[in-house]
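Hi,

Here is the structure you asked about. My notes follow below it.

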Amino acid sequence: MNRYRYILSGTVKGEDQINSFRLIGANNIKPSYDKETAIRVSIPSDLKLEKWSCDPYSTTEDERTLDELGYDVLVWHKKQGRWRVHNEFKGILPCDIVFR
C-alpha cells in the first residue's frame, strides 16, 4: 500500500531532503487563494515519520531527497474541485507556477 505525505512549500525542489519540510497528511491539504500547488511525496515503509498530537503535520530525520523517494506535482483545479498530477512542472518551483 502506498503512503503519501504532502508538502505545501512554494520553494521545494527535487534535490531537497525530506527532513527539511513539514509533511502534511491528505486530510489536511486544502487549497486556498495562495496554495494552488502541492508536492505529493511517496513514503516508503522504511521511512520513519514522527508526529506530535498537537501538530497537523509529521516530520522525519530521514535525509533522502524527494527525487530519491519519488514525488508528484499536484495542481488544484477549481472547476473540477480536485487535485490533479501535473509532473510537467517538475523542476519549476511551485511559487513560480502561474495560472491565469
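Contact here means heavy atoms within 4.5 Å. By that rule, and leaving out residues up to four places away in sequence, L66 touches I7, V12, K13, G14, D16, I18, V41 and Y71.

Some ground rules. This is a predicted model, where local features need pLDDT of at least 70, side-chain atom pairs count only at pLDDT 80 or more, and totals for chains, interfaces and linings use all residues. Residues are numbered from 1 along each chain as its sequence is written, and side-chain values use heavy atoms, without hydrogens and water.

Now the cores. A nonpolar core is a set of buried (under 20% relative accessible area, 1.4 Å probe, protein chains only) Ala, Val, Leu, Ile, Met, Phe, Trp, Tyr and Cys residues joined through side-chain atoms within 4.5 Å. The largest has 15 residues; I7, I18, I39, V41 and L66 touch the most other members. Strand 3, helix 1 (66-69) and strand 5 each supply at least two of its residues. Strand 3 gives the most, with 3. Helices (H or I, at least four residues) and strands (E, at least two) are DSSP runs, numbered from the N terminus. A second, separate core of 6 residues includes Y6, I29, A38 and Y57.

Next, the hairpin. Strand 5 (residues 71-77) and strand 6 (residues 82-85) run antiparallel, joined by 4 bridges; pairing takes at least two DSSP bridges. V75 stands opposite R84. Between the strands lie 4 residues, and G81 in the turn has a positive phi of about 65°.

Last, E36. This residue sits in the loop between strand 2 (23-24) and strand 3 (37-43). E36 is buried, at 19% relative accessible area.

Best wishes

Notes. Buried < 20%, exposed > 50% of the residue type's maximum accessible area, 1.4 Å probe, protein only.
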